Amino acid sequence: MTIDQVLENASAYLQREDISFLERAYEFAEQAHSGQYRKSGEPYILHPVQVAGIIVGLELDPNTIAAAFLHDVVEDTDATVEDLEKAFNAEVAMLVDGVTKLKKFKYKSKEEQQAENHRKMLMAMAKDIRVLLIKLADRLHNMRTLKFMPPQKQRVTSNETLEIFAPLAHRLGISKIKWELEDTALRYLDPQQYYRIVNLMKRKRAEREDYLSEVMEKIESQLDDVHVVAELSGRPKHIYSIYRKMVIQQKQFNEIYDLLAVRIIVKNIKDCYAVLGVIHTCWRPMPGRFKDYIAMPKANMYQSLHTTVVGPNGDPLEVQIRTDDMHRVAEFGVAAHWAYKEGKTLSNKRYSFEDKLSWLRDVIESQTDTNDAQEFMESMKMDLFSDMVFVFTPKGDVIELPRGSVPLDFAYRIHSEIGNRCIGAKVNSKMVPLDHELKTGDIVEVMTSKHSYGPSHDWLKITKSSHAKNKIKQWFKKEKREENVEKGKETIEKEIRALDFDPKDILTQENLNEVTAKFSFAGEEDMYAAVGYGGISGKQIVNRLTEKQRKAKDQEQEKQSLDAALSDIQTFSPNKRSNSIGVHVKGVDNLLIRLARCCTPVPGDAIVGYITKGRGVSIHRTDCPNVLAEENTSSRLLEVEWEGESRAAKSYSVDIEITAFDRNGLLNEVLHTMTETRTQINTVSGRSDHKHKIATIEMSISISNVAHLQKIVDKIKQLKDIYSVRRVTH
């Protein structure tokens, strides 16, 4: 999508002055990103344009679209949030700041930094949902262009997408984005199964289309008889949902019958139930498969009638019935409520769904006392992304809780005081223990007493929801402060001694000030109290307190180890000279060098030298997981380069793995292709997964450079039924 197309689509629902505002935002972003390029080699500005295009597709307001154009300028250019506020307005600046990653602090690990970035985004989302809508659009375009990233980065990003972003899209009801995120992530996490399902779906497409035509023709005829105007369409199951069904239910593709659903869109709610009656008259409904999400909408505002019937040929047929408005919410979720229309202000539209999203803000805001970002994200996953149960209050109100929740979780979700004074519970009018697991449909009644002593520490183990756990911790924090301060101080001193340091040397005022600021404590007493009541572990605090001392100790040990290693590898033998493998270490001669077997680098690969202990310099690809996984490697890395063209005739061993649909003649075709490319095969082995009809061929081949390898890969990919060809790193 080009900038002209984005602006043209936006002009369909925005005023001329709004388009001028967006043009200014684009020009600002284009100038800020000038000279920057993406991994694909394309100018960087193409990414913000695509993100803005996705936001326009959701018909959001001008400020959100402008923020989409500008969402990376603070993070990747010299522009600041203040610059944006001055050039545009405070709302655009706030939205961009919400999606900007944190760079001010140094973090112990990439995981910690990523958790902090997610926490910042979710906190900003609690103030304005549009922050997350921009982030989802950003992630969607990044997933569409993920093929240009290294395999390791593809897997990490895809995992994060499935764990964080797809569930968030689901919880906000934006199925249009959710399904694409899930399907794209699966393509990189399990390409064999992904392409296998795609191929199997293609083979049965004609059969499914005939089946759908027959079903929809009958439904249309019956609806005409009762004078109901409806729009019918077939909805194929998404690849990820089929994959999950195959994994969870341990089924083969040909054992999954409900690959299609018929969607019926009508004018009003009365017609929804009329259509349901027609469907159940045509075909026999399957027991337990009817769901009325109109009378009881999902927490993400989704509304629809779902029923599964025994359709033609005895196969299950899923039918979804909804109105036009319900369909819009089902596709765009919360974004449907932010849709910008002429003459209607956002403030008027917000109020209608603020209450519906209050549960989401409650969960996020309940985490504000959690000082550890990784603990925050684990709690968020538990509350937002786990399977849910729906239980009722005695008055009939629906309460949504994570699966596995107990009456205490219910009590704290109603009100923190009810939880603190809870002494018992009834489920469906029967007394149950406080650790009784709740099930969907249960009616829960909490018994309280003014004379209750308050929560027990055991409740932290019993409760499932992070909301309840945080309320319990807050009670202990408030009620037993002095005891917690003393307990926390003892714990921290004990942890310091365990690391062989003297607490007096570590607990200096300067050190304490740094750590309390890092974890956002008001002072050292608050820090000790938090450790005492379990708000944060003593180990985390001590790791931060002793960071400089441990780093100094590690550097000294590393220096001694490095000196010994360099001393060893400079005693080389003449037949092990660097040029014998075509690699030169910049600025150093006479080093014992070898190519790493884990990533088997070849000319054309970006490479780096790694000083080993007693085995010389090992040459790795720069993206080798074994080098990336090593901590504190910078002092052991050497700058190296491939030697000139004189080495072009030398051969290098590389391992490749080919996955394909299992059929006769496959191996012969692969071997013939190798012969055509004049490639020497060192070893070849294969295995067949008869259950899933997947063949895997592993080969060790000799090549001259990366271009030679790419030629081989391209040739193999042209063969019929090939799913993937990849270079193997051990």
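Two strands are taken to pair if DSSP finds at least two bridges between them, and helices (H or I, at least four residues) and strands (E, at least two) are DSSP runs, numbered from the N terminus.

## Basis and confidence

This is a predicted model, in which local features need pLDDT of at least 70, side-chain atom pairs count only at pLDDT 80 or more, and totals for chains, interfaces and linings use all residues. Residues are numbered from 1 along each chain as its sequence is written, and side-chain values use heavy atoms, with hydrogens and water left out.

The average pLDDT (the predictor's confidence in each residue, from 0 to 100) is 81 for the chain, and 82% of the residues score at least 70. Over residues 102–109 pLDDT stays under 50, and the model has 14 contacts (heavy atoms within 4.5 Å) for them beyond four places in sequence; residues 341–356 also stay under 50, with 20 such contacts.

## The sheet

An open sheet of 4 strands runs in the order E13-E15-E14-E16 with mixed pairing; its edge strands, each pairing on one side only, are E13 (593–595) and E16 (637–638). Strand E14 (residues 607–611) pairs with strand E15 (residues 617–621) in the antiparallel sense over 5 bridges, and Gly609 has Ile619 in E15 as its bridge partner.

## Helices H4 and H7

The axes (lines fitted to C-alpha atoms over the stretch in contact, with angles from 0 to 180 degrees between N-to-C directions) of helix H4 (residues 62–70) and helix H7 (residues 90–99) come within 9 Å and cross at roughly 50°. The contact is made by Asn63, Thr64, Ala66, Ala67 and Leu70 of H4 and by Glu91, Val92, Leu95 and Val96 of H7.
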